[in-house]
Structure formats: structure tokens, C-alpha cells
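Hi,

Here is the structure I promised to pass on to you. Have a look at it first, and then read on for what turned up.

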Amino acid sequence: MTDAPLLKVCDISKFYGARIGCRNVSFDLWPGEVLAIVGESGSGKTTLLNCLATRLMPSSGSVEYRMRDGQMRDLSRMSEAERRFLMRTDWGFVHQNPADGLRMAVSAGANVGERLMAVGERHYGNIRETAGDWLRRVEISVDRIDDQPRAFSGGMRQRLQIARNLVTSPRLIFMDEPTGGLDVSVQARLLDLLRGLVQDLGLSAIIVTHDLAVARLLSHRMMVMKDGLVIEQGLTDRVLDDPREAYTQLLVSSILQV
Amino acid sequence: MPTPLVVSDVAKSFTMHLRDGIRLPVMSNVTFSVKAGECVVLGGPSGIGKSSLLKMVYGNYAVDGGQILLEHGGRLLDLASADPRTILSVRRATLGYVSQFLRTVPRVAAVDVVAEPLTARGIDAAEARGMAEVMLARLNLPRELWQLPPATFSGGEQQRVNIARGFITDHRILLLDEPTASLDARNRTVVVDMIEEKKAAGVALLGIFHDEDVRERVADRIVDVSAFSPRKVAA
């Protein structure tokens with residue numbers, strides 16, 4: 001781990017008219033660190049994620065990102081083209097619904113290869129080989145490389161979306177309920193895969209989830225949101241095993257034991 | 001002799017917001033230290049807060065006040081006020097913990113569960129696996145289980161995976177929460193030997209042992225947790 005944060009979030013607020021999306025959120029994210037944002041629907045966690053990933057413009061506050069050359073850049077001051085380039089190369093965004101992150105009418109191989117072309121790769125043979133390699137890493141059989149994601153199951157689509165995001169070796173990946181609509185057995189496989197990839201690649205990640213078990217398994221640190229505010233944060237196992245705030249205690253005590 | 005762990009004036013309470021905000025004092029004025037090569041055992045009746053105290057020292061439970069001082073990376077730091085990133089780094093390099101129950105991750109093989117603390121410190125995966133196999137063999141875990149995820153193992157088998165994982169590193173401080181509870185006599189002896197080796201290597205150990213025989217064999221000193229508990233007054 002290096003000694004400078006990758007992302008510096010300072011006092012981010014987002015209002016939808018008079019309604020609060022999220023309010024006064026500040027934190028640093030360090031290289032290799034996985035942060036989970038938890039809370040119930042409507043708590044502002046997805047709004048916050050979208051503000052961080054520049055998919056939404058915050059009403060106030062700043063987000064700074066350390067570029068590969070070590071410079072901290074204020075995301076709101078970047079040009080649209082620079083932001084898009086960042087999104088396509090150094091960042092990844094995994095949507096809850098894979099259809100939002102994939103192109104459903106082109107082949108699995110092309111879905112992965114497209115991001116490679118964005119970073120300048122032009123050699124067809126190399127692109128196909130790398131795409132095949134990534135399909136294997138996310139446990140999709142290489143003989144499905146020419147099939148469209150439409151023909152894939154939900155779990156496979158989600159794994160394909162992850163391959164598409166990771167192929168450019170991003171340093172930061174945003175995930176919005178990555179295990180959302182999946183069967184539990186499929187979830188377990190995806191979680192194990194994500195955990196391994198994050199560890200092996202030394203990725204930083206921000207994961208929005210309402211599932212505390214997902215947060216426990218994947219994250220180092222956790223923020224609990226309610227009504228747009230971060231009401232509690234800390235080491236993941238500390239927040240889950242010794243929750244201090246009333247709302248966090250309610251969340252933790254509401255988990256069904258199997 | 002160096003003292004890798006000093007707990008000073010620590011206090012802890014739980015506020016149960018779902019029970020009308022009732023505040024349960026757990027302990028106060030917790031003060032003791034563990035020297036290098038020493039095994040300190042937490043004593044006192046069950047329910048007095050021994051496991052809670054271990055969890056506080058591990059940073060798993062927050063404390064209300066006081067200090068938990070340990071040497072990490074050549075400097076002294078207070079775990080009670082450290083940020084999450086520092087606590088994780090302390091756990092990776094300095095402070096180990098064998099919990100009462102193994103928290104299993106789906107699909108990860110027993111041998112990889114054991115090797116993980118080493119790979120997390122940058123040790124080559126093959127080498128770490130080799131060391132993990134040595135630990136599992138020593139704890140008599142049947143070889144045919146090594147490649148399986150521990151979720152379906154018996155309590156004693158899971159516990160041995162847990163012990164192997166906790167003892168595989170050279171952490172300077174090791175916390176043990178009833179490591180021998182579900183083991184047979186033969187494996188209890190293995191664990192006692194492993195504790196003796198840690199002591200000889202200068203590791204500071206802090207543990208809970210209900211098994212009197214094991215406690216007598218490993219303990220250098222007993223710290224009575226009821227002395228820190230408010231319940232001693234009630235009782």
C-alpha cells in the first residue's frame with residue numbers, strides 16, 4: 001500500500017430539488033481498499049456512488065482522484081472527454097442489472113474487447129486472446145466467446161460484466177448491488193470470484209449493497225447511510241459486531257440466521 | 001523483557017438502542033500487560049466478558065476509553081484510537097487471533113484458508129500452501145479434507161483449520177479464544193506444544209482456556225476479568 005489516497009471525497013451533497021439525495025459525505029479511499037456503503041433503499045447510497053463515479057453532478061463538495069502519474073485531479077474540473085476516458089480505462093462500473101453495463105446484441109468477446117480498444121489495442125488476435133483469457137478468469141467457457149449475452153444466464157451475464165470492467169486493469173471499481181437479483185448459489189460463486197480478483201489485482205472498490213453478508217465478505221471498511229447521511233462508519237467487522245448507532249443495530253439485528 | 005501489549009484503563013459499555021437505549025456497562029479500569037514469551041490467561045466465570053475483552057484488544061469491539069498499546073512496525077501505537085486502515089495493517093503483521101468459530105467463505109479450500117494470512121503479507125502462493133499443509137498435517141486434519149471448503153467440516157475439524165490459520169504467521173502477539181474447546185486429547189497436546197513453541201519464540205499470548213488441564217500447562221499468569229466487571233458488585 002502506498003501512502004497517498006486514491007480518492008478524496010470532501011463534503012459531497014446532492015439535492016434533487018428540495019429532496020436530499022446525500023449530504024456532507026467525506027472520506028478517503030486508499031489503494032487496495034474495499035469500502036462498502038450499506039443502508040436500506042432510499043438511504044442515498046446509490047446517489048452517492050453515482051456522484052463519486054461522475055455519473056451524477058454533486059450539488060456541492062469535491063471528489064479528487066489520483067491519476068496514474070500521481071497527480072490529484074478534481075473530477076468536476078476535468079473535461080467530459082477526460083472523464084469518459086477515465087471511466088473506460090482506469091475505472092470500472094458494475095451495475096446491478098448486467099444489461100445496463102453490457103451491450104446485449106454483440107458477442108461476449110466483443111463486450112470484453114471493446115474496452116481494450118478504448119485503450120488503444122488494435123490487433124484483432126490479441127484482443128480475442130485477452131478476451132478469451134478474461135472469460136476463463138470469470139469462469140465462462142471460452143467456447144461461448146461468440147455468443148451474445150442475451151443467451152447467458154443472469155449469473156453469467158454478471159460475470160461477463162465484471163470481465164468487461166477488469167480487462168483494462170482499472171485501479172478503482174464501483175459496484176452497485178453486484179449480487180442483486182441472483183440466486184444464492186450463484187451469488188456465492190460471484191462473491192468468491194470478486195473477492196479473489198480484488199485481492200489478486202490489488203483493486204480499490206466501492207460497493208453499494210443492502211446485503212450485510214456481502215459487505216462482511218468483501219469489504220475492509222463500511223459506511224452506513226440513512227436519510228442521505230453517513231450515520232456510522234469504521235472497520236467492517238467492528239461495525240457489524242459492535243454497532244453503535246440505533247439504525248445500525250436495527251440493520252444488524254434484522255439479519256435472518258440460517 | 002519487552003512488553004508487546006499493554007492495556008491501560010480501558011472501559012467498555014454497550015448501548016442497546018433497540019431496548020430503549022439501555023446502557024450495559026461491560027467493564028472498566030481494564031489494566032494489564034503481556035510480555036514477550038509470556039502466556040497470560042483471562043480468568044473468571046463465563047459471561048463475565050473474557051471474549052469481549054479479546055475482541056476489544058483485536059479492534060473488533062470499540063472501546064469507550066483507555067488505551068491498547070502495541071508495537072507495530074517499529075513504533076508504538078494505540079489500537080483503541082487507530083483508524084480502520086491501521087488496524088488492518090496491525091492484524092496483517094503484528095496481531096493474530098484464533099476465534100472460537102471459523103467464519104467460512106464459500107468455495108475456498110481449507111488449505112487456502114490457512115495460507116491466506118501468509119499470501120496477504122506477500123508470500124508466494126505455492127510456498128504459503130506448502131507451509132499450510134505442514135500445519136494441517138501437524139494438527140492431524142485428514143489429507144482428503146485439505147482441498148475442500150471447511151463449511152461442511154465437524155466442529156473439531158473447523159477449529160483445527162482455525163488454529164492452523166492463526167499459528168502459521170510469526171505475529172508478535174497472538175489472541176486465543178478457547179482454541180482447544182472442541183479438540184480431542186491428542187490434538188489438545190499438539191496445540192499445547194504449539195503454544196510452547198510460540199512462547200519460546202518470544203510471542204506474547206493472551207488467551208481464554210476453559211480446559212483446566214490445558215490452562216495449567218500453558219498459563220504463566222492469570223488475569224481475573226471479574227475484577228474489571230461491574231457485575232462483581234451486583235453479585
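Please keep in mind that this is a predicted model.

Which residues of α4(B) are buried? They are Ala128(B), Ala132(B), Met135(B) and Leu136(B). If you look down the axis of α4(B), the buried residues fall within an arc of 95°, so they line one face of the helix. The cover over these buried residues includes two other helices of chain B, α3 (110-119) and α5 (155-167). Turn to the other side of α4(B) and you will find Ala126(B) and Glu127(B), which are exposed. After the helix comes Asn140(B), which has a positive phi, near 60°.

Next, the place where the two chains meet. Chain B brings 14 residues to the contact, and chain A brings 19 residues. On the chain B side that touches chain A, 9 residues are nonpolar, 3 are polar and 2 are charged.

Now for chain A on its own. An unreviewed UniProt entry lists residues 7-252 of chain A as "domain: ABC transporter". In the model, that span is 40% helix and 26% strand, and its end C-alpha atoms lie 28 Å apart.

The domain assignment of chain A, on the other hand, gives two parts to look at: domain 1 takes in 1-90 + 171-258, and domain 2 takes in 103-169. Taken over C-alpha atoms, the centres of domain 1 and domain 2 of chain A are separated by 25 Å. Where they touch, 11 residues of domain 1 of chain A are in contact with 12 residues of domain 2 of chain A.

Which elements give two or more residues to the domain 1 side of this contact in chain A? They are α2 (80-89) and α7 (184-201) of chain A. The largest share of that side comes from α7(A), with 5 residues. By class, the domain 1 side in chain A that touches domain 2 divides into 7 nonpolar, 2 polar and 2 charged residues.

If you open the model now, I would begin with α4(B) and its buried face, then move on to the two domains of chain A.

Best wishes

Definitions and conventions: Residues numbered from 1 in each chain as written. Chains lettered and ligands numbered in written order. Predicted model: local features only at pLDDT ≥ 70, side-chain atom pairs only at ≥ 80, totals over all residues. Buried ≥ 20, exposed ≤ 12 C-beta atoms within 10 Å, placed from the backbone. Helix = DSSP H or I, 4+ residues; strand = E, 2+ residues; numbered from the N terminus. Arc of directions from axis to C-beta. Contact = placed C-beta atoms within 7 Å. Nonpolar A, V, L, I, M, F, W, Y, C, P; charged D, E, K, R; others polar. UniProt positions renumbered as here; feature names shortened; annotations may be inferred. Domains from an automatic or database assignment.
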